Amino acid sequence: VVIYVMEQAEVLGIIGEGIGAMLSLPGPAAQASLLVSAAAASSVTDNIPLAAVLAKILAVNPLVVGPEGSNPGSPFWWCVIYGANLGGNITPIGSASTVVAMTIIHKNSLPLTFIGFVKVASAFAIVQIVLAIGYVWITSLVL
């Protein structure tokens with residue numbers, strides 16, 4: 001429903017233009033920028049609708065699809081997958097597991113605020129995102 005509404009309101013087109021500009025960067029920069037932007041968006045939205053929206057946009061982008069049609073081996077798909085999943089670890093509202101973690105923290109009366117969580121989690125998330133970028137770069141060179 002969310003994707004259909006965004007498509008009808010032409011929000012997907014606007015996001016698609018931004019992603020198109022991002023994907024026109026040189027290979028590694030395009031991959032890194034897509035992964036980081038997906039992670040940033042995922043930190044404040046649910047990762048499943050975000051991945052679905054980005055998949056719909058990538059499916060029609062000529063830089064991803066290619067002249068032969070769909071290219072499931074494109075590193076851009078992996079950038080969306082890793083970014084949408086790892087970005088949820090940055091904030092306590094970004095994923096179900098961080099919501100559960102904050103519930104347990106508050107249940108045990110531990111002093112951790114939203115900002116405190118972001119400060120602690122960001123360090124781990126940045127390491128994970130950098131590793132994911134490196135992995136995508138290496139695998140795109142090998143494949």
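This note goes through the predicted model point by point, from the whole chain to single residues.

1. Basis of the model. The structure is a predicted model, in which local features need pLDDT of at least 70 and side-chain atom pairs count only at pLDDT 80 or more, while totals for chains, interfaces and linings use all residues. Residues are numbered from 1 along each chain as its sequence is written, and side-chain values use heavy atoms, with hydrogens and water left out.

2. Overall architecture. The protein chain contains 8 helices and 0 strands, and from the N terminus its elements read α-α-α-α-α-α-α-α. Helices here are DSSP runs of H or I with at least four residues, strands are runs of E with at least two, and both are numbered from the N terminus.

3. Of the 143 residues in the protein chain, 36% count as buried, where buried means under 20% relative accessible area, exposed means over 50%, and partly exposed lies in between (1.4 Å probe, protein chains only). The protein chain exposes about 8,300 Å², of which carbon and sulfur atoms supply 74%; accessible areas come from the Shrake-Rupley method with a 1.4 Å probe, and for residues only the protein chains shown count as cover. Among contacts with a separation of 6 or more, 66% are made by residues 24 or more positions apart, a contact being heavy atoms within 4.5 Å.

4. Helix 3. G27 belongs to helix 3, which covers residues 27-42, and G27 is partly exposed at a relative accessible area of 36%. The C-alpha atom of G27 lies 9.5 Å from that of P75, although the two residues are 48 apart along the chain. A32, also placed in helix 3, counts as buried because its relative accessibility is 15%. Between A32 and F76, which are 44 residues apart in sequence, the C-alpha to C-alpha distance is 9.3 Å. When residues up to four places away in sequence are not counted, A32 touches I133 and W137.

5. Aromatic pairs. The count of aromatic pairs is 2, with rings of Phe, Tyr and Trp (its six-membered ring) pairing if their centres lie within 6.5 Å, and with planes under 30 degrees apart taken as stacked, over 60 as edge-to-face and the rest as tilted. The rings of Y82 and Y135 have centres 6.0 Å apart and planes at 90 degrees, so this pair is edge-to-face. The pair connects distant parts of the chain, since Y82 is in helix 6 and Y135 in helix 8 (residues 114-142), 53 residues apart. Y82 is partly exposed at 23% relative accessibility, and Y135 is partly exposed at 46%. Together with W78, Y82 and Y135 form one aromatic cluster.

6. The loop between helix 6 and helix 7. S95 is placed in the loop between helix 6 (75-86) and helix 7 (96-107), and S95 counts as buried because its relative accessibility is 16%. The side chains of S95 and S97 are joined by a polar contact of 3.1 Å; a polar contact is a pair of N or O atoms within 3.5 Å, where within protein one must be able to donate a hydrogen and the other to accept it, and where residues adjacent in sequence count only if both atoms are side-chain atoms. Leaving aside neighbours within four places in sequence, S95 is in contact with G88 and N89.

7. The loop between helix 7 and helix 8. S109 is found in this loop and is exposed, at 63% relative accessibility. The phi of S109 is near 55 degrees, a positive value in a residue other than glycine. Most residues other than glycine have a negative phi. L112 is placed in the loop between helix 7 and helix 8 as well, and is partly exposed at a relative accessible area of 23%. Not counting residues up to four places away in sequence, L112 touches M102, I105, H106 and F117.

8. A nonpolar surface patch. V44, I93, F114 and I115 form a nonpolar patch on the surface, with about 390 Å² of accessible area together. Patches are made of residues with over 30% relative accessible area and no salt bridge, joining like charges within 9 Å and nonpolar side chains (Val, Leu, Ile, Met, Phe, Trp, Tyr) within 5 Å; a salt bridge is a side-chain nitrogen of Lys or Arg within 4 Å of a carboxyl oxygen of Asp or Glu. V44 lies in the loop between helix 3 and helix 4 (47-58), and V44 is exposed, with a relative accessible area of 54%.
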